Every structure is written in structure tokens, then in C-alpha cells.
Amino acid sequence: MNLVQELKWRGMIHDMMPGTEEQLNKEMTTAYVGIDPTADSLHIGHLVSIMLLKHLQMAGHKPLAVVGGATGMIGDPSFKAAERKLLTVEEIQHNVSCIRQQLEKFLDFDDSKDNHAEILNNYDWMKDYLFLDFIRDIGKHITVNYMMTKDSVKKRMETGISFTEFSYQLLQGFDFLTLYRTKGCRLQMGGSDQWGNITTGTELIRRMEGGEAFALTCPLITKADGTKFGKTEGGNVWLDPKKTSPYKFYQFWLNCSDVDTAKYIRIFTLLSEEEIAELERLHAEAPERRILQKALAKDITCRVHSEKEYEAAVAASELLFGKGTTEQLNALDKDTLMSVFEGVPQFTISASKLKDGIDIIELAATETQMFASKGEIRRALKENSVSLNKAKISEGYLVTEKDKLSSGLILLQKGKKNYYLVNVED
């Protein structure tokens, strides 16, 4: 597998130093991607760099994921309008631990293999490095003039940049130098906004070791409508199911535009060029079936979460659009159900009310005010337009404990689109 050619057809190369392809074709190459642990979860914006490492390993090379416990204490100024909040050592260590678990879903860490992945933390080699030693040993090799030419720095000169952030590229360059010395790392990869930081590292290696190192960056992912990729009204789309439920994660990909999906399916899945071409052909024949979106959403939801979570997300989607069964509804946990029916009216009743049973009219019109009056619910029942947990019910129905779902909720529906959630509290 030619890694560069693979990345090119997938649209994953923005820039590359001369000699990079030759190096990758010549021998097994160790390469790294840096991740600043600014949160206790990765979000889908990180996935581009992670997929770079995935393809690298699949091509027989060795991937390193460097979690920036040290650089994360400073903050990368690259193309940011203002300085970020600095994190404590304890916060960073917690974040590093969480990120480590997520990376293991993508990369092979079996140390019996020569090209097994490794996770490193630059805090380990920075924590005992004295400031005076650093500026004497490292700082003297890179001029201020050189650092000022970087676009990420020039942009911030207009609004002001602290010395702390100005020094970031030097620290990242030292990471590359350290990995070159200790791991034989010859390549750093990242987003196109990292080009300046990465090339500072290659320059340090050249000046201090007389060595040759390389850089490869991928485009920053954007959406066709100009809005930021990976952002929703609720914020970032996270890999942690506690921050973004598997249902919402699945829905994000399912709702991508055709133009965006054609780009994302190349970047975020391992489907071959032929498989994608066939999916695009089928999608073009019936765009309303969203074949491309479904393939993308399935592939990435299964990898980030699991096939079981993917199937639950599909079942949850069907419930919202009028399909699904009581059994499927009962199989969903409370968080997923709340995600699916986010924004619908919610009511609470005591579990004791269900012990002896409560008439559906009393529940819907008196206990919860789901319906404006008893007359309204009676008319709906006579019209056969009321469902309880996806099963049609009629007048005289007694709601009991058996109607409580495993999630502790009861779902009432009027017609096709009007939903109500009842939370049964013990």
C-alpha cells in the first residue's frame, strides 16, 4: 500500500515536505500526531489526524500519538483569536487518561508487532527540564525572526500574543526532536494549521542533529455551507457517549449534506475507492434513500461506539419517524430515549400511581395535562390515534407498572408527530 497515494485519493493531503513520499516508500517510518488534552474526550475534529495514523499503520509504518500534557498547559496559538484557559496538571492527567482509552479503538497497540502504536505524553520529558537549560540548549537554535514568519504567529501579532503562546512552536519542535532522538521518528503529521509548528521541528532536527525529518498536513475540514465541521447547536460532537450520545453521534453523520458526505466518507471510513464509487452510484439513483449518509454513519458509529450502539441508534431513529415497536423502545436506555425525544413535552408521575393502575384519560388530562381536556383525549381514543409505547390503545385502558419501560419512562403519542414523555419516579 502506497500511503501517499492512498491519502491523495481520499483528499487527505494539504501539504507535504519534499522527500516525504520517498521516505515512506523506502522503509518502515515512525510518525506522530500531537493531541492537546484540553478536554477529557476527543471530538470528531480530532478524527482526521487519528485516521492519518490509522492509514499510516495499515501501510506498515509505526504510529505515535503524543498527548500534549506539557504543551496543553500552554495552549497552541495557531489561528485562534484569543489565548485559551490554562489547565492544571491534575486536569491534564485526567484528560490524558480518557483520551488514551479512545485512541485504542483506532490503533493497534499489540507490542509484539514492530509497527505497534504507542501513546506518549510530552509532560514526561518536559516536567524536569529547567527553563534556563531549555532556552540555552534549544532556544538558541531558532531565531525570533524565523518564529515571526509563521502565519499562526503573524495573525496574532495584530491582537497581541503572550510570550507563553509565542514559545509554543519551540516546545512542539522540541517534541519532534525528542522523538527523533528516542524513537527514530522521521515524520510529523497534523492539520494544515500546524505546518508552521511542524516545520520548526524539522528545522531543529536539521540544525541540532544534522538529520532529515519530514512534514505532512491534511486540509482543515469544513462544511459546504461554510459552518464549522463537528459543531452542532449543542456544541462539539464528542467521542465520549456521555458527552454526545451514540444516537446524536449517528444523527450528525446521517444529516450531512450530499456534498459533505462525499468528502467525509473518504476521510473517516476505511472503505475502498471501488466501494465508495459503488455507493455513490447507488446514491445518485435514489438520493432520498440517503445511502451514502447511512454507510458513513454506520461505519463511523460502529468504530467509535460499537455495532450494538449503532443498531440502537438506528432503532431509535425509526421510533422518531413513526416506525419501530414496543420491543425496540424497551431496549433503549434512558439517555438514548431522552436524546431521541429531546424537546418533546415531559411530565412526571409517582410510581405509586401505577400500582393499582390509572385510567389513560386521567393520566393524559388530569395527572399530566398532556391533553387539554378529557374530551380531547376521548376523541383521540375514539379516532384510534393514541399510542402508548408504540402500541395503539383505546378508551378504558388502564396504565399500570407493566407499561413502564426499562428506562423508567412511558411514551405517549397522538397521531404521527405529537409525542409526550412520562417519567415514572419511585
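Me: A charge sits over a ring if NZ of Lys or CZ of Arg is within 6 Å of the ring centre and within 35 degrees of the ring normal. Which residue has its charged end over the ring of W238?

Reply: K243 does, with its charged end 5.3 Å from the centre of the W238 ring. Keep in mind that this is a predicted model: local features need pLDDT of at least 70, side-chain atom pairs count only at pLDDT 80 or more, and totals for chains, interfaces and linings use all residues. Residues are numbered from 1 along each chain as its sequence is written, and side-chain values use heavy atoms, with hydrogens and water left out.

Me: OK, the overview. How many helices and strands are there?

Reply: The protein has 21 helices and 15 strands. Both are DSSP runs numbered from the N terminus: helices are H or I with at least four residues, strands are E with at least two.

Me: What does the C-alpha trace span, and what share of residues is buried?

Reply: The trace spans about 85 × 50 × 45 Å along its principal axes. Of the 426 residues, 52% count as buried. Buried means under 20% relative accessible area, exposed over 50%, and partly exposed in between, with a 1.4 Å probe and protein chains only.

Me: How far apart are L170 and S350 in space?

Reply: They are 61 Å apart, C-alpha to C-alpha, and 180 residues apart in sequence. L170 lies in helix α10 (residues 168-183). L170 counts as buried because its relative accessibility is 8%.

Me: And S350, which strand is that in?

Reply: S350 is in β9 (residues 346-350), where side chains alternate. F347 and I349 point to one face and are buried.

Me: What does β9 pair with?

Reply: Strand β15 (residues 418-425), in the parallel sense over five bridges. Two strands pair if DSSP finds at least two bridges between them. Q346 stands opposite L421 in β15. In general, strands of a sheet pair through backbone hydrogen bonds, either parallel or antiparallel.

Me: New topic: in what order do the six strands of the open sheet run?

Reply: The order is β1-β6-β5-β2-β3-β4, with mixed pairing. The edge strands are β1 (15-16) and β4 (118-121), each pairing on one side only.

Me: How do β5 and β6 pair?

Reply: β5 (residues 185-191) and β6 are parallel over five bridges. G191 stands opposite C218 in β6.

Me: Back to rings. How many aromatic pairs are there?

Reply: The count is 16. Rings of Phe, Tyr and Trp (its six-membered ring) pair if their centres lie within 6.5 Å; planes under 30 degrees apart count as stacked, over 60 as edge-to-face and the rest as tilted. F229 and F252 form an edge-to-face pair, 6.1 Å centre to centre with 70° between the planes.

Me: Where do F229 and F252 sit?

Reply: F229 is in the loop between β6 (214-218) and β7 (231-232), and F252 is in helix α12 (residues 246-254), 23 residues apart. F229 is buried, at 8% relative accessible area. F252 is buried too, at 11%.
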